[in-house]
Amino acid sequence: MKQTFEEQEKKRLIKKFHVLLSKAGIDNDTKAAMLMNYGVETSKDLGCEELIELCGRLQKMTGRDESDVWRRRVIASIDGYLKLSGQERNIDVIKAIAVRASGFDSFNSIPVSRLRNLYYAFRDKQEDIKNVNMVISMNMPTMKNIN
């Protein structure tokens with residue numbers, strides 16, 4: 001039986017909820033009290049909205065915001081792209097590229113969904129450059145003979 005998107009998302013959120021509980025060091029009694037506030041006994045009885053809310057609270061408790069993680073990933077992926085393409089690399093240039101590519105006013109205002117897109121786009125660009133460089137280096141002797 002194929003799962004719907006909502007069922008898949010709920011499953012992902014439940015997993016995330018339990019990972020965050022572990023990271024925050026919350027025991028079973030505290031977890032039960034948290035769930036009791038929502039009128040349920042198990043996380044499987046929560047809806048996606050409640051799970052998102054609980055995960056947000058737990059993320060604040062652990063001090064790690066998802067957007068900060070994605071911002072660092074975007075910085076690293078753009079830096080890698082610039083390095084491979086031989087362009088100037090510094091944090092101001094990297095942030096400016098991310099802002100222009102996202103269409104937002106500042107680096108910190110870019111939402112997580114756009115940060116994910118940027119990360120994967122620049123990671124893909126790195127792969128493209130590596131593949132093109134490999135093809136060129138493999139075909140260079142043949143190309144010299146043709147000219």
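Visitor: Which helix do R57 and E53 lie in, and how many residues apart are they?

Guide: Both R57 and E53 belong to helix 3, where they are 4 residues apart, about one turn of the helix. Helices here are DSSP runs (H or I, at least four residues), numbered from the N terminus.

Visitor: And what do their side chains do?

Guide: R57 and E53 meet in a salt bridge, with 2.8 Å from N to O. The term needs a side-chain nitrogen of Lys or Arg within 4 Å of a carboxyl oxygen of Asp or Glu. Please keep in mind that this is a predicted model, in which local features need pLDDT of at least 70, side-chain atom pairs count only at pLDDT 80 or more, and totals for chains, interfaces and linings use all residues. Residues are numbered from 1 along each chain as its sequence is written, and side-chain values use heavy atoms, with hydrogens and water left out.

Visitor: How many salt bridges does the structure hold?

Guide: There are 3 of them. One joins D79 to R89, with the closest N and O atoms 2.9 Å apart. D79 is in helix 4 and R89 is in the loop between helix 4 and helix 5 (91-102), so this pair ties together parts that are 10 residues apart in sequence.

Visitor: What does E9 pair with?

Guide: E9 bridges to R12, and their closest N and O atoms are 2.6 Å apart. The two are 3 residues apart in helix 1, a separation of about one helical turn. R12 is partly exposed, at 42% relative accessible area.

Visitor: Changing topic, how many aromatic pairs are there?

Guide: The count is 4. The rule takes rings of Phe, Tyr and Trp (its six-membered ring) with centres within 6.5 Å, and calls planes under 30 degrees apart stacked, over 60 edge-to-face and the rest tilted.

Visitor: Why do W70 and Y119 count as edge-to-face?

Guide: Their planes are at 70° and the ring centres 5.6 Å apart, so the pair falls in that class. It also links distant parts of the chain: W70 sits in helix 4 (residues 66-84) and Y119 in helix 6 (residues 112-146), 49 residues apart.

Visitor: What about W70, buried or exposed?

Guide: W70 is buried, at 7% relative accessibility. Y119 is buried too, with a value of 19%.

Visitor: What does Y119 form with Y120?

Guide: Y119 and Y120 make an edge-to-face aromatic pair, 5.0 Å centre to centre with 70° between the planes. Y120 is partly exposed, at 37% relative accessible area. Put together, W70, Y119 and Y120 form one aromatic cluster.

Visitor: Nice. What sits over the ring of W70?

Guide: The charged end of R73, 4.5 Å from the ring centre. To count as sitting over a ring, NZ of Lys or CZ of Arg has to be within 6 Å of the ring centre and within 35 degrees of the ring normal.

Notes:
Buried means under 20% relative accessible area, exposed over 50%, partly exposed in between (1.4 Å probe, protein chains only).
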